[in-house]
Amino acid sequence: MILVKEIMEFLESIAPFDLQEKYDNSGLLTGSPEMEATGILIALDAVPSVIEEAIELGCNVVLSHHPILFTGLKKLTGEHYVEKSLIKAIQHNIAIIAVHTNLDNVIENGVNSKIAEKLGVSDIEPLIIKASMHTDYFVGSGVFGYLHEPQDALSFLQEVKIKMNSSCVKYTRIINETVHKIAICGGSGSFLLQEAINKNADVFITADIKYHQFFDANNQIIMVDIGHYESEQFTIELLYDLIKKNFRNFAAHYTKTNTNPIKYL
(Lines give C-alpha, C1' and ligand atoms only; values in the text may rest on other atoms or scores of the structure.)
Protein backbone atom coordinates (compact mmCIF):
# COMPACT_ATOMS: atom_id res chain seq x y z
CA MET A 1 0.00 0.00 0.00
CA ILE A 2 1.31 3.43 -0.98
CA LEU A 3 -0.02 6.58 0.63
CA VAL A 4 -0.16 10.00 -0.99
CA LYS A 5 2.25 11.30 1.63
CA GLU A 6 4.85 8.75 0.50
CA ILE A 7 4.61 10.11 -3.04
CA MET A 8 4.97 13.62 -1.61
CA GLU A 9 8.02 12.57 0.39
CA PHE A 10 9.62 11.09 -2.71
CA LEU A 11 8.95 14.22 -4.75
CA GLU A 12 10.39 16.27 -1.90
CA SER A 13 13.58 14.20 -2.17
CA ILE A 14 13.82 15.00 -5.90
CA ALA A 15 12.86 18.67 -5.83
CA PRO A 16 12.17 20.12 -2.35
CA PHE A 17 8.94 22.08 -2.41
CA ASP A 18 10.49 25.06 -0.65
CA LEU A 19 12.64 25.59 -3.75
CA GLN A 20 9.58 26.84 -5.60
CA GLU A 21 9.33 30.52 -6.46
CA LYS A 22 7.34 32.77 -4.11
CA TYR A 23 4.56 33.23 -6.67
CA ASP A 24 4.14 29.48 -7.20
CA ASN A 25 1.68 27.01 -5.68
CA SER A 26 3.37 23.62 -5.95
CA GLY A 27 2.46 20.83 -3.54
CA LEU A 28 -0.65 18.85 -2.63
CA LEU A 29 -3.62 20.83 -3.95
CA THR A 30 -6.51 18.44 -3.30
CA GLY A 31 -6.87 15.24 -1.33
CA SER A 32 -5.37 13.99 1.92
CA PRO A 33 -1.78 12.90 2.57
CA GLU A 34 -3.21 9.82 4.31
CA MET A 35 -5.10 8.60 1.23
CA GLU A 36 -4.10 5.27 -0.24
CA ALA A 37 -2.93 5.83 -3.80
CA THR A 38 -4.55 3.48 -6.32
CA GLY A 39 -2.57 4.78 -9.29
CA ILE A 40 -1.03 7.96 -10.62
CA LEU A 41 -1.61 9.83 -13.86
CA ILE A 42 1.17 12.20 -14.92
CA ALA A 43 0.39 15.27 -17.01
CA LEU A 44 1.59 18.77 -17.71
CA ASP A 45 -1.76 20.33 -16.75
CA ALA A 46 -4.50 18.99 -14.46
CA VAL A 47 -7.31 20.22 -16.70
CA PRO A 48 -10.81 18.63 -16.60
CA SER A 49 -10.05 16.15 -19.41
CA VAL A 50 -7.01 14.89 -17.47
CA ILE A 51 -9.06 14.45 -14.29
CA GLU A 52 -11.61 12.51 -16.35
CA GLU A 53 -8.82 10.37 -17.78
CA ALA A 54 -7.60 9.59 -14.25
CA ILE A 55 -11.11 8.50 -13.24
CA GLU A 56 -11.33 6.18 -16.26
CA LEU A 57 -7.94 4.65 -15.43
CA GLY A 58 -8.81 4.15 -11.76
CA CYS A 59 -6.09 6.55 -10.65
CA ASN A 60 -6.79 8.70 -7.62
CA VAL A 61 -3.59 10.76 -7.93
CA VAL A 62 -2.84 13.27 -10.68
CA LEU A 63 0.71 14.56 -10.77
CA SER A 64 1.06 17.68 -12.91
CA HIS A 65 3.82 20.14 -13.61
CA HIS A 66 1.62 23.24 -13.61
CA PRO A 67 -0.54 23.89 -10.52
CA ILE A 68 -4.20 23.96 -11.55
CA LEU A 69 -4.87 26.05 -8.43
CA PHE A 70 -2.58 29.01 -8.88
CA THR A 71 -4.41 32.08 -7.63
CA GLY A 72 -7.22 32.60 -5.12
CA LEU A 73 -10.74 31.44 -5.98
CA LYS A 74 -13.85 33.26 -4.80
CA LYS A 75 -16.35 30.66 -5.98
CA LEU A 76 -16.63 27.02 -7.10
CA THR A 77 -19.51 26.94 -9.55
CA GLY A 78 -17.83 25.03 -12.35
CA GLU A 79 -18.00 27.92 -14.82
CA HIS A 80 -14.22 28.07 -15.26
CA TYR A 81 -11.96 25.17 -16.24
CA VAL A 82 -10.02 25.48 -12.96
CA GLU A 83 -13.23 25.20 -10.97
CA LYS A 84 -14.34 22.22 -13.06
CA SER A 85 -11.08 20.38 -12.40
CA LEU A 86 -11.18 21.01 -8.67
CA ILE A 87 -14.84 20.05 -8.31
CA LYS A 88 -14.38 16.83 -10.27
CA ALA A 89 -11.24 15.93 -8.33
CA ILE A 90 -12.93 16.52 -4.98
CA GLN A 91 -16.07 14.63 -6.02
CA HIS A 92 -13.98 11.59 -6.98
CA ASN A 93 -11.53 11.85 -4.09
CA ILE A 94 -8.57 12.52 -6.37
CA ALA A 95 -5.36 14.02 -5.03
CA ILE A 96 -3.75 16.60 -7.30
CA ILE A 97 -0.04 17.22 -6.78
CA ALA A 98 1.92 19.91 -8.63
CA VAL A 99 5.70 20.07 -8.99
CA HIS A 100 6.37 23.29 -10.84
CA THR A 101 9.16 25.79 -10.21
CA ASN A 102 10.76 23.55 -7.60
CA LEU A 103 11.36 21.07 -10.45
CA ASP A 104 12.51 23.94 -12.67
CA ASN A 105 15.06 25.00 -10.07
CA VAL A 106 16.86 21.69 -9.54
CA ILE A 107 19.52 20.80 -12.07
CA GLU A 108 19.72 17.04 -11.56
CA ASN A 109 16.45 15.34 -12.58
CA GLY A 110 15.03 18.76 -13.42
CA VAL A 111 12.96 20.20 -16.25
CA ASN A 112 15.92 21.83 -17.99
CA SER A 113 18.26 18.86 -17.69
CA LYS A 114 15.58 16.79 -19.43
CA ILE A 115 15.40 19.27 -22.30
CA ALA A 116 19.19 19.26 -22.55
CA GLU A 117 19.17 15.46 -22.71
CA LYS A 118 16.63 15.50 -25.55
CA LEU A 119 18.71 18.04 -27.50
CA GLY A 120 22.06 16.33 -26.97
CA VAL A 121 23.43 19.09 -24.74
CA SER A 122 25.85 17.81 -22.09
CA ASP A 123 28.14 19.09 -19.31
CA ILE A 124 25.34 21.34 -18.12
CA GLU A 125 25.53 24.03 -15.45
CA PRO A 126 22.88 26.51 -14.25
CA LEU A 127 22.64 29.91 -15.94
CA ILE A 128 22.06 31.39 -12.49
CA ILE A 129 23.13 29.59 -9.33
CA LYS A 130 20.68 30.09 -6.48
CA ALA A 131 21.57 30.01 -2.82
CA SER A 132 19.75 27.24 -0.98
CA MET A 133 19.63 25.64 2.44
CA HIS A 134 19.59 22.31 0.59
CA THR A 135 23.32 21.78 0.14
CA ASP A 136 22.79 18.36 -1.45
CA TYR A 137 21.06 19.94 -4.47
CA PHE A 138 22.49 21.95 -7.36
CA VAL A 139 19.93 24.76 -7.55
CA GLY A 140 19.54 27.42 -10.21
CA SER A 141 17.59 28.90 -13.12
CA GLY A 142 18.06 27.59 -16.64
CA VAL A 143 21.07 25.62 -17.83
CA PHE A 144 23.83 25.88 -20.39
CA GLY A 145 26.03 23.21 -21.87
CA TYR A 146 27.64 21.92 -25.05
CA LEU A 147 26.74 19.95 -28.13
CA HIS A 148 28.98 16.96 -28.77
CA GLU A 149 30.60 18.99 -31.54
CA PRO A 150 29.93 22.32 -33.28
CA GLN A 151 26.98 22.13 -35.63
CA ASP A 152 25.59 24.15 -38.50
CA ALA A 153 23.25 26.69 -36.89
CA LEU A 154 20.24 26.25 -39.17
CA SER A 155 20.57 22.46 -39.12
CA PHE A 156 20.61 22.57 -35.32
CA LEU A 157 17.43 24.68 -35.23
CA GLN A 158 15.76 22.22 -37.59
CA GLU A 159 16.75 19.40 -35.24
CA VAL A 160 15.35 21.34 -32.29
CA LYS A 161 12.01 21.63 -34.09
CA ILE A 162 11.90 17.89 -34.75
CA LYS A 163 13.17 16.72 -31.35
CA MET A 164 10.83 19.06 -29.44
CA ASN A 165 7.82 18.22 -31.64
CA SER A 166 7.32 21.91 -32.30
CA SER A 167 4.96 23.14 -35.01
CA CYS A 168 6.54 26.58 -35.02
CA VAL A 169 10.05 27.68 -34.07
CA LYS A 170 10.64 31.44 -33.89
CA TYR A 171 14.21 32.67 -33.82
CA THR A 172 16.38 35.74 -34.29
CA ARG A 173 18.96 36.31 -37.00
CA ILE A 174 21.56 33.59 -37.33
CA ILE A 175 24.75 35.45 -36.43
CA ASN A 176 27.21 32.53 -36.61
CA GLU A 177 27.36 29.69 -39.10
CA THR A 178 28.02 27.11 -36.39
CA VAL A 179 26.78 26.72 -32.82
CA HIS A 180 28.23 24.78 -29.90
CA LYS A 181 27.27 26.30 -26.53
CA ILE A 182 23.54 26.10 -25.83
CA ALA A 183 21.47 27.82 -23.11
CA ILE A 184 18.06 26.43 -22.16
CA CYS A 185 15.09 27.41 -20.02
CA GLY A 186 11.83 25.50 -20.19
CA GLY A 187 8.69 27.63 -20.09
CA SER A 188 8.86 31.42 -19.90
CA GLY A 189 12.59 32.10 -19.75
CA SER A 190 13.19 35.45 -21.44
CA PHE A 191 14.34 36.86 -18.07
CA LEU A 192 17.49 34.75 -18.49
CA LEU A 193 18.51 36.19 -21.87
CA GLN A 194 21.27 38.41 -20.51
CA GLU A 195 22.66 35.54 -18.45
CA ALA A 196 22.79 33.39 -21.58
CA ILE A 197 24.66 36.19 -23.37
CA ASN A 198 27.01 36.60 -20.40
CA LYS A 199 27.80 32.87 -20.58
CA ASN A 200 28.74 33.30 -24.25
CA ALA A 201 26.04 30.88 -25.39
CA ASP A 202 25.50 30.67 -29.14
CA VAL A 203 21.81 29.81 -28.80
CA PHE A 204 19.19 30.43 -26.09
CA ILE A 205 16.17 28.10 -26.28
CA THR A 206 13.05 28.99 -24.29
CA ALA A 207 9.39 30.01 -24.78
CA ASP A 208 6.89 32.86 -24.46
CA ILE A 209 9.19 35.49 -25.95
CA LYS A 210 7.39 38.75 -26.74
CA TYR A 211 8.00 40.64 -29.98
CA HIS A 212 10.14 43.40 -28.50
CA GLN A 213 12.15 40.90 -26.44
CA PHE A 214 13.50 39.36 -29.64
CA PHE A 215 15.31 42.67 -30.26
CA ASP A 216 17.13 42.18 -26.95
CA ALA A 217 19.19 39.41 -28.53
CA ASN A 218 21.04 42.39 -30.00
CA ASN A 219 22.97 40.29 -32.53
CA GLN A 220 24.82 38.67 -29.64
CA ILE A 221 22.97 35.35 -29.52
CA ILE A 222 20.38 33.34 -31.45
CA MET A 223 17.20 33.54 -29.39
CA VAL A 224 14.73 30.70 -30.01
CA ASP A 225 11.09 30.33 -28.96
CA ILE A 226 9.82 26.76 -29.35
CA GLY A 227 6.52 27.15 -27.45
CA HIS A 228 5.68 26.73 -23.76
CA TYR A 229 4.04 23.31 -23.95
CA GLU A 230 6.67 22.08 -26.38
CA SER A 231 9.51 23.13 -24.10
CA GLU A 232 8.08 21.35 -21.05
CA GLN A 233 6.33 18.33 -22.56
CA PHE A 234 9.12 15.90 -21.62
CA THR A 235 8.61 16.75 -17.95
CA ILE A 236 5.89 14.09 -18.11
CA GLU A 237 8.46 11.50 -19.18
CA LEU A 238 10.87 12.71 -16.49
CA LEU A 239 8.30 12.33 -13.70
CA TYR A 240 7.01 9.02 -15.04
CA ASP A 241 10.50 7.51 -15.08
CA LEU A 242 11.23 8.75 -11.54
CA ILE A 243 7.94 7.41 -10.16
CA LYS A 244 8.33 4.02 -11.87
CA LYS A 245 11.90 3.65 -10.65
CA ASN A 246 10.98 4.39 -7.03
CA PHE A 247 7.53 2.72 -6.84
CA ARG A 248 8.04 -0.47 -8.82
CA ASN A 249 4.69 -2.14 -8.06
CA PHE A 250 2.53 0.92 -8.53
CA ALA A 251 0.39 1.82 -11.54
CA ALA A 252 1.77 4.94 -13.20
CA HIS A 253 0.45 6.33 -16.47
CA TYR A 254 1.38 8.96 -19.04
CA THR A 255 -1.56 11.13 -19.92
CA LYS A 256 -2.86 10.61 -23.45
CA THR A 257 -4.33 14.11 -23.35
CA ASN A 258 -2.46 16.85 -25.16
CA THR A 259 -3.19 19.82 -22.92
CA ASN A 260 -1.56 22.43 -25.17
CA PRO A 261 -4.21 25.16 -25.57
CA ILE A 262 -2.43 26.55 -28.64
CA LYS A 263 -3.21 25.21 -32.12
CA TYR A 264 -1.27 25.93 -35.31
CA LEU A 265 -2.34 26.17 -38.94
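Residues are numbered from 1 along each chain as its sequence is written, and side-chain values use heavy atoms, with hydrogens and water left out. Because the model is predicted, local features need pLDDT of at least 70 and side-chain atom pairs count only at pLDDT 80 or more, while totals for chains, interfaces and linings use all residues.

**Exercise 1. Find which residues of helix H1 are buried, and what they pack against.**

Step 1. Locate H1 at residues 4-14; helices (H or I, at least four residues) and strands (E, at least two) are DSSP runs, numbered from the N terminus.

Step 2. Pick out the buried residues (under 20% relative accessible area; exposed is over 50%, and partly exposed lies in between, with a 1.4 Å probe and protein chains only). In H1 they are Val4, Ile7, Met8, Phe10, Leu11 and Ile14.

Step 3. Look down the axis. These residues cover an arc of only 160°, which puts them on the same side of H1; the arc is that of the directions from the helix axis to the C-beta atoms. As background, an α-helix has 3.6 residues a turn, so residues three or four places apart point the same way.

Step 4. List the partners in contact (heavy atoms within 4.5 Å). They include strands S1 (27-30), S2 (40-45), S3 (61-66) and S4 (95-98), together with helices H4 (101-105) and H10 (235-246).

**Exercise 2. Which residues have the most contacts inside the largest nonpolar core?**

Step 1. Recall the term: a nonpolar core is a set of buried Ala, Val, Leu, Ile, Met, Phe, Trp, Tyr and Cys residues joined through side-chain atoms within 4.5 Å.

Step 2. The largest such core has 56 residues, and Ile7 and Ile243 have the most contacts inside it.

Step 3. Check the surroundings of Ile243. Leaving aside neighbours within four places in sequence, Ile243 is in contact with Ile7, Phe10, Ile40, Ile42, Leu63, Phe250 and Ala252.

Step 4. Now turn to the other core. A second, separate one has 17 residues, among them Leu41, Ala43, Ala54 and Val82.

**Exercise 3. Describe how helices H5 and H10 pack.**

Step 1. H5 spans residues 111-119, and its axis lies 9 Å from that of H10, at an angle of about 105°. Axes are lines fitted to C-alpha atoms, for helices over the stretch in contact, and angles run from 0 to 180 degrees between N-to-C directions.

Step 2. Name the geometry. The angle makes H5 roughly perpendicular to H10 (65 to 115 degrees; under 35 is roughly parallel, over 145 roughly antiparallel, and the rest oblique).

Step 3. Identify the meeting residues: Val111, Lys114 and Lys118 of H5 meet Thr235, Glu237, Leu238 and Asp241 of H10.

Step 4. Ask how enclosed H5 is. Of its 9 residues, 7 are buried, so H5 is largely enclosed by the rest of the structure. Lys114 is one of the buried residues of H5, with a relative accessible area of 7%. Beyond four places in sequence, Lys114 contacts Phe234, Glu237, Leu238 and Asp241.

Step 5. Read on past the helix end. Gly120 follows H5 and has a positive phi, near 75°.

**Exercise 4. Is Thr255 buried or exposed, and which polar partners does its side chain have?**

Step 1. Thr255 sits in the segment after strand S11 (252-254).

Step 2. Its relative accessible area is 14%, so Thr255 is buried.

Step 3. Look for polar contacts (N or O atoms within 3.5 Å; within protein, one must be able to donate a hydrogen and the other to accept it, and residues adjacent in sequence count only if both atoms are side-chain atoms). The side chains of Thr255 and Glu53 are joined by one of 2.6 Å. A polar atom of the Thr255 side chain also lies 3.0 Å from the backbone nitrogen of Thr257.

Step 4. Compare with Thr206, in strand S9 (residues 203-207). Thr206 is buried at 0% relative accessibility, and a polar atom of its side chain lies 2.8 Å from the backbone oxygen of Cys185.

**Exercise 5. Where is Asn200, and what is its phi?**

Step 1. Asn200 lies in the loop between helix H7 (193-198) and S9.

Step 2. Its phi is positive, about 60°, although Asn200 is not a glycine. Most residues other than glycine have a negative phi.

Step 3. Asn200 is exposed, with a relative accessible area of 59%.
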